[in-house]
Amino acid sequence: MNFHILTLFPEMVMGGLSTSITGRAMEKGVISVEAVNIRDYSRDKHHHVDDAPYGGGAGMVMQPGPVVDAYEDLCGKLGKRPRVIYMTPQGRVFNQKIAQELAEEDELVFLCGHYEGIDERALELICTDYLSIGDYVLTGGELPAMVMIDCISRLVPGVLNNEVSAEVESFHDNLLEYPQYTRPEVYRDMAVPQVLLSGHHKNIEEWRRQQSIRRTLERRPDLLEGANLSKKEKKFLEGLLETQELAQNGDESDSDPREM
Ligand code: ADE
């Protein structure tokens, strides 16, 4: 998978993505990340890439020329016209399903805006997708692009050492991941659940599924509707729902670890 980021801040995206797992994947050659500096395509003698909005208003708007030229130049080098994803809070909200779909592509272009955005004509000419990372407004598209590239990369074969972990983790099958423990066996009087020390793989598997269901019910009940549960697991969930009702009637509130 080859990622291309059109940005005014190449050092920001390259610095972040060259670190940790994505950095290792770049070294191994299973992904590549290239930042294209939009400013390099300014035809202005002062290398300006923005100007005041027609019709008035606050801030500056990125001009269409440098953005479109940066993309066209890239297309010429690649010999194809890859999908262009514009980072914007006005887009569809990115999720694991969208990540899986994008991970099928060979090349992806992420367009990062700044200031008050990019001239609409550039977007009309080159953008195929409009994506957001959530309902809040950031100062630019670089962090959203890094978030999406990180998420898509871990679905690319060879990026994670452990191939199964990309599947099992949170959101696979619409269930959140079960809790994990490592040494020491007892920490501040808190013991690791006994079943995990038993070596009984079937029981461990069953316990983990139950913990996933419990956790999803507590933290993201909206996900449960799309979860694929066995008959036995549905019964387990019903049991949890009953105790939840009882707890609510007893007016039990969430505990705060700071009060411990
Ligand atoms: N640019 C500014 N805010 C954004 C967001 N929430 N998602 C994607 N791009 C953005």
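Predicted model: local features only at pLDDT ≥ 70, side-chain atom pairs only at ≥ 80, totals over all residues.

Trainee: With which residue does Glu101 form a salt bridge, and where do the two partners lie?

Mentor: Glu101 forms a salt bridge with Arg83, with 2.8 Å between the closest N and O atoms. This pair links distant parts of the chain, since Glu101 belongs to helix H4 (residues 96-102) and Arg83 to strand E5, 18 residues apart.

Trainee: Is Arg83 buried or exposed, and which side chains make polar contacts with the side chain of Arg83?

Mentor: Arg83 counts as buried, at 18% relative accessibility. Its side chain makes a polar contact of 3.0 Å with the side chain of Glu105, and another of 2.9 Å with the side chain of Asp129. If neighbours within four places in sequence are left aside, the residues in contact with Arg83 include Leu102, Leu108, Val109 and Thr128.

Trainee: How does a salt bridge within one helix read, for instance that of Lys77 with Asp73?

Mentor: The general idea is that an α-helix has 3.6 residues a turn, so residues three or four places apart point the same way. Here Lys77 and Asp73 are four residues apart in helix H3 (residues 64-78), which means that about one helical turn separates them. Their closest N and O atoms are 3.4 Å apart; Lys77 counts as exposed at 63% relative accessibility, whereas Asp73 is partly exposed at 30%.

Trainee: Which residues of helix H1 are buried, and why do they line one face of the helix?

Mentor: In helix H1 (residues 10-17), the buried residues are Pro10, Val13 and Leu17. Seen down the axis of H1, they fall within an arc of 80 degrees, so they line one face of the helix. They pack against strand E1 (2-7), helix H2 (20-28), strand E2 (32-37) and helix H6 (142-153).

Trainee: Which residues form a nonpolar patch on the surface?

Mentor: Met12, Tyr136, Leu138 and Leu143 form this patch, and together they have about 360 Å² of accessible area. Leu138, which lies in the loop between strand E7 (129-132) and H6, counts as partly exposed at 36% relative accessibility.

Notes: Residues numbered from 1 in each chain as written. Heavy atoms only, no water. Buried < 20%, exposed > 50% of the residue type's maximum accessible area, 1.4 Å probe, protein only. Helix = DSSP H or I, 4+ residues; strand = E, 2+ residues; numbered from the N terminus. Arc of directions from axis to C-beta. Contact = heavy atoms within 4.5 Å. Polar contact = N/O pair within 3.5 Å; in protein donor to acceptor, adjacent residues only side chain to side chain. Patch = residues over 30% accessible without salt bridge, like charges linked within 9 Å, V, L, I, M, F, W, Y side chains within 5 Å. Areas by Shrake-Rupley, 256 points an atom, 1.4 Å probe, with all protein chains shown as cover. Salt bridge = Lys/Arg side-chain N within 4 Å of Asp/Glu carboxyl O.
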